[in-house]
Amino acid sequence: MPTTLIIAAGGHGTRFRSDFSGRNSESNERGANKLLFPFLGKPLLCFTLSRFQEIPQIQETIVAISREGEKRLRAWCKEYGWKSVKWVRGGATRAESVWNALKKAHRKSQWIMVHDGARPLITKESVRRLMAYMKQARCAGALLGRKVVPTIKRVDPSGGQILQTVDRRDLFEAETPQLMNRRMLEKAYVENKNAFNATDEAALLESVGAQVKVLTHDAWNPKITTYQDMILAEAYLEKQGRVEVRTGFGRDSHRLVAKRKLYLGGVHIPFPKGALGHSDGDALLHSIADAVLGAIGGGDIGDHFSDRNPKIKGIRSEKILRKILCDARGKNWQPEHVDSVIVLEQPKLGAHKRQIREKIADIMGLDADRVSVKAKTAEGLGPEGEGLSISCEALVTMKKVAL
Ligand code: MG
């Protein structure tokens, strides 16, 4: 069942923005877009996307996204090693966004799965169940839904007068994912003149007489609409013990010799000597990489990048750290904070510290205020003090959210 996943992420979250600003006097630019707002430390949309990785039937993911989101998405694809994620510009309505993505779907995809970017709690199990259900239900579309529990009133909007208590026995709330036969969905877009106003894909299929079924499920799969929804969803995962935080420690030393370049934190520092090593000898990035591995139980750098491998001779350490982080993210670990110390007699690093910090923040995918770089001399003592070597130490805090 070759399937294209379309993530509807074109909106800006107006209700979220006003709710967030109302509760936070210092509302910053992060409050501007719900889908880019941190959810358990990861942008909400990025969190939702990672839920769909490693589902073999999904051969590609197309995200319908705003201009501001596109830049971020491109960076996540690099950080997480997502090769099958593409994007298109979101439309004025959800249905228009999905149409933009549908036009770019791989020609071999017979099924289209649409999911809200703002439903981060979707589980792989629910996705698998929906796919299996669709296979045997012989319908044009199926979606996840739940029975409506609250008592629902039909009310005269002008006077507040209750007109009717609605019989809720056959009422269901439509969630996503919604899984559709591609041909039928395309037909609905072509034949329904009001297609761009449809509020979900099921409504489109219904409008051309196709059969769509609801698969009820118990997993909580809320759409994050307000800031309060987000806090509740975060607390839900945390309470379930699905969030784990660990700290790892790393230490590294290199001999300083002539005719080598000096790299620290991925930044070239002009100096007549540099660190001797199989790689570029960046002791700071090595200590950070080892701290990352220490936190996630991943061994040490040598286990991943052997100094006997001639193919990686002279490799930039930025590449090493990025690869280690990419693998960590694949196991749902992400960095939260870095603290580090450089022990070096010469040159003085005061003028370079800011650049080093910003470079590390860029590599780690962190805000610069979550990265600390401290520089010390050894007061003339020991090999560092005599200018023979450089040593670095780092503590890295990593967070895992079990999906
Ligand atoms: Mg080293």
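**Entry 1: Glu345**

I began with Glu345, which counts as buried because its relative accessibility is 17%, under the 20% cut-off for that class. I note that the model is a predicted one. I located Glu345 in the loop that runs between β16 (333-343) and α12 (353-364).

I then listed the contacts of Glu345, leaving aside residues up to four places away in sequence. Glu345 touches Thr377, Ala378, Glu379, Gly380, Glu384, Gly385 and Gly387. I also looked up the separation of Glu345 from Val371, which is 26 residues away along the chain. Their C-alpha atoms are separated by 22 Å.

**Entry 2: Trp220**

Is Trp220 buried or partly exposed? Its relative accessibility is 32%, so Trp220 counts as partly exposed. I found that Trp220, Leu232 and Tyr236 make a nonpolar surface patch of about 260 Å².

**Entry 3: The chain as a whole**

I recorded 13 helices and 18 strands for the secondary structure of the chain. Along the principal axes, the C-alpha atoms fill a box of roughly 85 × 50 × 35 Å. Of the 403 residues, 49% count as buried.

Among contacts with a separation of 6 or more, 73% are accounted for by residues 24 or more positions apart.

Finally, I looked up the charges: the chain has 66 positive and 46 negative ones, and their mean positions are 5 Å apart.

How values were computed. Residues are numbered from 1 along each chain as its sequence is written. This is a predicted model: local features need pLDDT of at least 70, side-chain atom pairs count only at pLDDT 80 or more; totals for chains, interfaces and linings use all residues. Side-chain values use heavy atoms; hydrogens and water are left out. Patches are made of residues with over 30% relative accessible area and no salt bridge: like charges are joined within 9 Å, nonpolar side chains (Val, Leu, Ile, Met, Phe, Trp, Tyr) within 5 Å. Accessible areas come from the Shrake-Rupley method with a 1.4 Å probe; for residues, only the protein chains shown count as cover. A salt bridge is a side-chain nitrogen of Lys or Arg within 4 Å of a carboxyl oxygen of Asp or Glu. Buried means under 20% relative accessible area, exposed over 50%, partly exposed in between (1.4 Å probe, protein chains only). Helices (H or I, at least four residues) and strands (E, at least two) are DSSP runs, numbered from the N terminus. Contact means heavy atoms within 4.5 Å. Lys and Arg count as positive and Asp and Glu as negative; His and the chain ends are not counted. The place of a charge is taken as NZ of Lys, CZ of Arg, CG of Asp or CD of Glu.
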